[in-house]
Amino acid sequence: MEKVRYYGIVIVVLVSLVIGSTHAALTMNFYAKSCPKAEKIVLDYVNNHIPNAPSLSAAILRMHFHDCFVRGCDASVLLNFTSSTGNQTEKVAVPNQTLRGFGFIDRVKSLLEAECPGVISCADIVALVARDSVVAIGGPSWRVPTGRRDGVVSNASEALAQIPAPTSNFSTLQTDFANKGLNLKDLVLLSGAHTIGISHCSSFASRLYNFTGVGDQDPALDSEYAANLKARKCRSINSTTIVEMDPGSFRTFDLSYYTLVLKRRGLFESDAALLTDSRTRSFLTQLEQGSVKNFYQEFAESMEKMGNIGVKTGTSGQIRKHCAVVNS
């Protein structure tokens, strides 16, 4: 969502109507008549496979996030480079080079194509699988209205520019989220997804070895934790070692991420940035001191909001036959 200055009440009203109708076009059980078994097929596949590969839950949730932040939730992150795209796609952008789960999405798509050819969008599949896979590991559920259509454009440069980076400071995060219609509470809640999953040392090693370019350590990172990371995980700035984002609890969707951030033990600069503003620090404290049930409820609201970013509906976009390529 670009920052645009609107002049005149009529324009504001028209824009409001367009935005309202776009979001209204997503409905619960959108495929109830066109493909009544669709959501059950997705759920069954997730429940049959995620318990055997629980790390995919975090990977596909991340994929959903990265998809929605570039051109809206339109599955543009799934597109491969072809002569028809004419450019490098989002997949090859630095933020997406460690994405996993594309094959999982493709297998779900093939099942749905067998049941109802040309009906279920890849964008809806990503949104549904992200939700169902989090539930499959014991995490929160949230409403996933459907009716998204698939985009036909994917640019690596846009992904690099628009996906929030782990090195972002507070001001950058606030702007990145506001550009997508998300507020500071959404920022804190969606960051809570770091309670599951892993990262690579390359995403935060500069905090340990060369924070300001003179071989120093980030003072915002707990020194004891930093020493532990250096000794046991990231033994050099070029290490490719995998590190749990929520050590000891990275497969459990709980409040421990917030506890770690408040102790200055968040892995990323973007985690530490949440402590630098009184509003986000307050949200962090409230969540950490509250119940898991409350976290789940609030996380669910932010996820539904995120899943509505820039959706294509009606006659916009297309329903791809194969998620990695635009229909010929």
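A disulfide here is a pair of cysteine sulfur atoms within 2.5 Å. Keep that cut-off in mind. This is a predicted model.

Let's take the pair C68 and C73. Their sulfur atoms sit 2.1 Å apart, and they form a disulfide. Which hand does the bond have? The torsion about the S-S bond of C68 and C73 is about 115°, so this disulfide is right-handed. C68 is buried, and C73 is buried too.

How many disulfides are there in the whole structure? The search finds 4.

Next, C35 and C116. These two form a disulfide with sulfur atoms 2.0 Å apart. The S-S torsion is about 85°, so C35 and C116 make a right-handed disulfide. Where do the two ends lie? C35 is in the loop between α1 (9-24) and α2 (38-49), and C116 is in the loop between α4 (102-115) and α5 (122-136), so the pair ties together parts 81 residues apart in sequence. Both cysteines, C35 and C116, are buried.

Now C122 and C323. Sulfur to sulfur, this disulfide spans 2.2 Å. Its torsion about the S-S bond is about -95°, so the disulfide of C122 and C323 is left-handed. The pair links distant parts of the chain: C122 belongs to helix α5, while C323 falls in the segment after α14 (292-306), 201 residues apart. Buried or exposed? Both C122 and C323 are buried.

Last, the pairing pattern. Number the bonded cysteines of the protein chain in sequence order, and the pairing reads 1-4, 2-3, 5-8, 6-7.

Notes:
Residues are numbered from 1 along each chain as its sequence is written. This is a predicted model: local features need pLDDT of at least 70, side-chain atom pairs count only at pLDDT 80 or more; totals for chains, interfaces and linings use all residues. Side-chain values use heavy atoms; hydrogens and water are left out. Helices (H or I, at least four residues) and strands (E, at least two) are DSSP runs, numbered from the N terminus. Buried means under 20% relative accessible area, exposed over 50%, partly exposed in between (1.4 Å probe, protein chains only).
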